[in-house]
Amino acid sequence: MTLPPTLPLILSPEVAEAHAKGAPIVALESTIITHGMPFPQNVETARRVEAEVRAHGATPATIAIMDRQIHIGLTDPQLEALGQAKAVAKLSRADLAACLATGGTGATTVAATMICARLAGIGVFATGGIGGVHRGAETSFDISADLRELAETPVTVVAAGAKAILDLPKTLEYLETLGVPVIAYGQDDFPAFWSRSSGLKAPLRMDDAASIAAAQRMRTRLGLPGGQLVANPIPASAEIPRAEIMPQIEAALAEAEAQGIAAKAVTPFLLQRIFELTQGRSLEANIALVLNNARLGAAIARELAAQT
Ligand code: PSU
Ligand code: MN
C-alpha cells in the first residue's frame, strides 16, 4: 500500500521497511506511556512491549504526535523523550487534528491510535485497556470516545477488557448498540483488566488469531465500517482477583468524585490512585497484561498479512 503524500505521516525506518514488504505490523498507543504509567516503568514497559511484538514475528509501531507529524513507530530516543516529557496532550478523535495543525507533543489514546493506524494501513493494535462508559455516566455523560471509534474505524484492538473503574455492563450494552463485535479470547467471560473475569459473558468468543483476522476481513467485505474489540484475559499468574482490587477501586472513585475530577483527567487520575493504593501491584498486573496483548496482537498481524 502506498501512503498519500499529503498526509502528515512519518514512518520510522523499522516500520517503513516492514510496510514496504507487506510484513505484519502492530500499532501501539502512547497515552499508556504518558498518562497511564509512571516514569521510568512507562518507558521500560514500552520497550518490552515492542520487543515482545518483534519476538512474535511482527514490527511494533508506537504512535505519537510530534512536530506536526503523526509518527508511526518511534526511535528509542523518541520513546525515552516522550516517557519523560511533561505537558503532553492526551489526544482523542476530537483533538488530534488541532494538535497536528498547531504543534505540540501529543500522546494518542485508543481512539486516536486507531485513526492513525488506519491512515498508515495497519489493521491491528495492542494496548492495555480501552476507555468505556464510566460509572455515573447517566449524570456525567462520561463515555469514552474509544467506543465510538471502534464502531467507525476498521482496526482490531486487543485489550484486556475494560477496567472495573468503569461500568462494565453499560460498556458492553453501548458497544452492542454501536455494532462493535466484542470477542473474548479463549474464554466465555468478558475480562476485567486486572482480573480474568468480569462476571459478564462476552457476546463472542474466539480461540485463535486466524479467526479474529478472518472476522475483521469479513466485516470489510460486507462493507461494515468499524473494528473489533478482542478482550484478552490477563495471564492467571498476574491477575488480581476482583474481590481484592474492588476496595481500592471504590476508594479511588470516591476521591475522584470528592475532588471533582472530570473529562480527560478521570482515567489518568484513577490509574495513578489505584497504583498508589495497591502499592504498585496494579502496575505489575498492567505490565503483564500489555505484554500478553502484544503477543496476541502480533499473532493477529501475522494472520492479517498472510490472508492478504
Ligand atoms: N487503559 C490503560 N491505560 C491507559 C488507558 C487505558 O490501561 O493509559 C488510556 C487509553 O489511552 C485509553 C484512554 O484510550 O485511557 C481512555 O481515556 P478516556 O477514558 O478519557 O476516554
Ligand atoms: Mn471520558
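Helix α2 gives the largest share of the shell around ligand 1, three residues. Keep in mind, everyone, that this is a predicted model.

Let's stay with the ligand for a moment. Which residues come nearest to ligand 1? Of the 17 residues around it, those are Glu29, Lys90, Ser144, Lys163 and Thr267. Sorted by class, the shell has nine polar, four charged and four nonpolar residues.

Now for some atom-level detail. Lys90 places a polar side-chain atom 2.7 Å from an oxygen atom of ligand 1. Val110 takes part through its backbone, where a polar atom is 2.8 Å from a ligand oxygen. With Lys163 we are back to a side chain: one of its N or O atoms is 2.7 Å from a nitrogen atom of ligand 1. And how much of the ligand does the protein bury? Taken alone, ligand 1 exposes 480 Å², and the protein buries 94% of that. As for the elements giving two or more residues to this shell, they are α2, residues 31-36, and α12, residues 266-277.

Next, please look at the protein's interior. In soluble globular proteins, nonpolar side chains tend to be buried together. Here, the largest nonpolar core has 99 residues. Val26, Ile72, Ile130, Phe190, Trp194 and Leu229 have the most contacts inside this core. Helix α13, residues 281-306, supplies the largest share of the core, 13 residues.

Let me finish with Ile130, one of those residues with the most core contacts. Leaving aside residues up to four places away in sequence, Ile130 touches a list of residues including Leu147, Leu166 and Leu229.

Note on methods:
Residues numbered from 1 in each chain as written. Chains lettered and ligands numbered in written order. Predicted model: local features only at pLDDT ≥ 70, side-chain atom pairs only at ≥ 80, totals over all residues. Heavy atoms only, no water. Near = heavy atom within 4 Å. Polar contact = N/O pair within 3.5 Å; in protein donor to acceptor, adjacent residues only side chain to side chain. Areas by Shrake-Rupley, 256 points an atom, 1.4 Å probe, with all protein chains shown as cover. Helix = DSSP H or I, 4+ residues; strand = E, 2+ residues; numbered from the N terminus. Nonpolar A, V, L, I, M, F, W, Y, C, P; charged D, E, K, R; others polar. Core = buried A, V, L, I, M, F, W, Y, C linked by side-chain atoms within 4.5 Å. Buried < 20%, exposed > 50% of the residue type's maximum accessible area, 1.4 Å probe, protein only. Contact = heavy atoms within 4.5 Å.
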